[in-house]
Amino acid sequence: MRILLLSAAIGTVMIALLVSAWDAHPGSNPPGELSNPDFESGSSPWYFYLNEDAGKVSATDGRDGSKCLVMQVHKGMGLDGFSQWLGEVAGRTVRVQAQVKSLGADVEAWVYIEFDRDSEKRTISTSSAPAPRDGAWHELSCELFVPPDIDRIRIFGRVEGTAGHAWFDNFEVEREQP
Ligand SMILES: [Ca+2]
């Protein structure tokens, strides 16, 4: 009985942790500007999809300022990325750009936007081209029209591949009226 009680207690803790991690991401009223878009304050509040350890803040490689986010791409990782919610987007074309560089055998790094059409259970998305694998900074951008009934979108940096690194800095958001 003691073992059963113990495992039930552990189950409760794990569920609570999962709920708390999930809650931390969606947010109810996302701000109209990205927070810490240049990684000068570390990696928070960017949300890491698979493994927070995959993304580290480099204190020396920043495109501007001193810091940027560096993600190591490794065999078996597949697609990974980090994101933030952004609000004040309804009925507007939103353009996102970031400075990205990549280096490695097959690393792909790009910028991505998406939102959910809950009524239709669809996800609408767009992405930039991947950064050339030349170890130089490139400005990547993509834009998406957000329908008037959608009040928040997710802004991503994404990586995929089996070997290499990708660096991200200076996310910026612009909005245009339709
Ligand atoms: Ca920076």
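I began with N36 and its surroundings in this predicted model, and I found that N36 counts as partly exposed, because 17 C-beta neighbours lie inside 10 Å and a buried residue would need 20 or more. N36 lies in the loop between helix 1 and strand 1, and I noted that its phi is positive, about 55 degrees, although N36 is not a glycine. Most residues other than glycine have a negative phi.

I stayed in that loop for P45, which is also placed between helix 1 (2-24) and strand 1, and I saw that the peptide bond joining S44 and P45 is cis, with omega about 5 degrees.

I then looked up N170, which lies in strand 10 (residues 163-176) and has a positive phi of about 55 degrees without being a glycine; with 19 C-beta neighbours inside 10 Å, N170 counts as partly exposed.

Next I turned to the sheet, where 5 strands form an open arrangement in the order 1-4-9-6-7 with antiparallel pairing. Strand 1 (47-48) and strand 7 (122-127) each have a single partner strand and stand at the edges, so one side of each is left without a neighbour in the sheet.

Within the sheet I followed strand 4 (residues 80-87) and strand 9 (residues 152-160), which pair in the antiparallel sense over 8 bridges, and I noted that the bridge partner of F82 in strand 9 is G157.

Last, I checked W85, which lies in strand 4 and is buried, with 21 other C-beta atoms within 10 Å. W85 and I153 are 68 residues apart in sequence, yet their C-alpha atoms are 5.7 Å apart in space.

Technical notes: Residues are numbered from 1 along each chain as its sequence is written. This is a predicted model: local features need pLDDT of at least 70, side-chain atom pairs count only at pLDDT 80 or more; totals for chains, interfaces and linings use all residues. Two strands pair if DSSP finds at least two bridges between them. Helices (H or I, at least four residues) and strands (E, at least two) are DSSP runs, numbered from the N terminus. A residue is buried if 20 or more other C-beta atoms lie within 10 Å of its own, exposed if 12 or fewer, and partly exposed in between; C-beta atoms are placed from the backbone.
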